[in-house]
Amino acid sequence: MDLAAAQQVLKTTFGYDEFRPGQKAVIEQVLAGQNTLAVMPTGGGKSLCYQIPALLFEGLTVVVSPLISLMKDQVDALNDNGIAATFINSSMAYREINQRLQELRAGDYTLLYIAPERLDSPQFIQALGNLPIKLLAIDEAHCISQWGHDFRPSYLALSTAIEQLPTQPQVLALTATATEQVAQDICQRLQIAPDNEVNTGFARDNLDLSVVKDQDTDQYILDYLAANAAEAGIIYASTRKEVTRIAALLKRHHIQATMYHAGLDDDVRRKNQEDFLYDRVQVMVATNAFGMGIDKSNVRFVIHAQVPGTLEAYYQEAGRAGRDGLPSQAILIYRAKDIQIQHFFIDESEMDDEHKHRSYHKLQLMTQYANTQGCLQQFILKYFGEASEPCGRCSNCRDDRAAQDITTATQKVLSCVVRLHARFGKGVVAQVLCGANNQRIRDLNLSDLPTYGIMNGQRQKSVTELIDFLTATGYLQTQGGQYPTLAVTKNGVAVLKGQTQVYRKTAQTVEQAAPEND
Ligand code: ADP
Ligand code: ZN
């Protein structure tokens, strides 16, 4: 079997002339019988990577996909293309499932879609064992890794399930979101040789990333929608309550909007989803329950009204804009208090301490993304382990305010934190730096410190903002829950040693800001 045959299927069955980046390499490797991990951005065309081999192979291709709600649509679309595909899901009656399995054994189908939860059933795994499975395609494969942001226990059952099959099928894992660690984990669990990872990179050249800060969220959204009235888009929020509130706000302003969250009845959810997919409404307001696998190509913007908990989640949700390759916007509205909501989710979750610790760290990186003054795309790609140049399109690359060297001011703040032995929060640090003379400072004898008053003459508020900036950009870190204390990070130590310079863009002109920074 060779690539020419694959090219032929691409043309005759799917009507495309050229492979997209990565598709050829993945298909070639799969046809050569190699277990493979494909890391391609959302909209990169991962489906064809298993559909084309499925059509060329003898035997059955089983597709594991978490999108129960969309399975039927996908299978219908394949059937319309003349491809014998079917699905088995939990909504089907026992008799119906048996009937389907019988047809599958008889070789009536090329593709079978199942939800990962099916693999929780030993009977079902046994039934799979009787099918001539040639290829097992695992979509959203990052769900198998506890390092990932969307771990699902059913996915863990996958590797055991594969072992239990009498003949080991070939495996193709696919994902749009995997840090190096997650990719390694996928490979290890699914017995994919690390060399067999095909990674086209995460960059989405048609996606303009922006961070919006210090603005009224509702007004920003209304203004944006007024200026983009003809475009379809998604607005994400962290809680059902906020989703409901924003959806009502839009309706009051006569914007065609619908909503989606896990608290709505199945049929309402399905209807709302279809209203959006089939362009009956302009805007979908949703929690993260919406979107995995949604193949709506003309989504022109994704606005996060609240910051999500990890960069992986953010980039995956943002990546639902512009699947058709046309220019699209990914906008993050950032307010520090929304970080508290994510903090709360972690606190309240049933994760063990190690897991919580990791989640706090990921949240910290999300905060850094929202506050970095460097290229946003570069920041994300670096997070996924990819080196790149500034994109030139994101809100930071387009920010032409002058950057000021604030290295000296930074050193003052950091050395004060060091002197305080990481025992105090930003309030006390700012007071010491500004030389505040109050009871607390006197009680603690903090006025004896050599850093006491070294930022004398500056407003405490602007010193506090500087501390926030240094925390968000990773020179300081906070520790502890309700009254977090400040500590200097490794990057911060490098500044203290004079090894790195720190720059900051502010709305002020250089002259006005100069006294702040001396
Ligand atoms: P994802 O990687 O997000 O799963 P899909 O497989 O859903 O992406 O593909 C996204 C869109 O791109 C689909 O509409 C698909 O038909 C289209 N597509 C895939 N491969 C090609 C190609 N080689 N040429 C043109 N369009 C393609
Ligand atoms: Zn950029």
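Q: How are axes and angles defined here, and at what angle do helix 16 and helix 19 cross?
A: Axes are lines fitted to C-alpha atoms, for helices over the stretch in contact, and angles run from 0 to 180 degrees between N-to-C directions. Helices (H or I, at least four residues) and strands (E, at least two) are DSSP runs, numbered from the N terminus. The axes of helix 16 (residues 407-419) and helix 19 (residues 460-472) come within 11 Å, and the crossing angle is roughly 90°.

Q: What kind of model is this, and where does residue numbering start?
A: It's a predicted model, where local features need pLDDT of at least 70, side-chain atom pairs count only at pLDDT 80 or more, and totals for chains, interfaces and linings use all residues. Chains are lettered from A and ligands numbered from 1 in the order in which they are written, while residues along each chain, as its sequence is written, are numbered from 1.

Q: Which residues of helix 19 does helix 16 meet?
A: Contact here means C-beta atoms, placed from the backbone, within 7 Å. On the helix 16 side you'll find Ala409, Thr410 and Val413. Their partners in helix 19 are Leu466, Ile467 and Leu470.

Q: Which residues of helix 15 are buried?
A: A residue is buried if 20 or more other C-beta atoms (placed from the backbone) lie within 10 Å of its own, exposed if 12 or fewer, and partly exposed in between. The buried residues of helix 15 (residues 376-383) pack against strand 8 (207-213), helix 12 (311-318) and helix 14 (353-371). They are Leu376, Gln377, Gln378, Ile380 and Tyr383.

Q: Is serine 154 buried, exposed or partly exposed?
A: Serine 154 sits in helix 7 (residues 153-164). Leaving out residues up to four places away in sequence, serine 154 touches Pro116, Glu117, Leu119 and Asp120. Because serine 154 has 17 C-beta neighbours inside 10 Å, it counts as partly exposed.

Q: Which residues come nearest to ligand 1?
A: A residue is near a molecule if its C-beta atom, placed from the backbone, lies within 6 Å of it. Helix 3 (residues 46-56) gives the largest share of the shell around ligand 1, three residues. Of the 16 residues around ligand 1, the nearest are Tyr16, Gly44, Gly45, Lys46 and Ser47.

Q: What percentage of the chain's residues are buried?
A: The chain has 21 helices and 17 strands. Its C-alpha atoms fill a box of roughly 85 × 50 × 40 Å, taken along the principal axes. Of the 518 residues in the chain, the buried share is 41%.

Note on methods
Contact = placed C-beta atoms within 7 Å.
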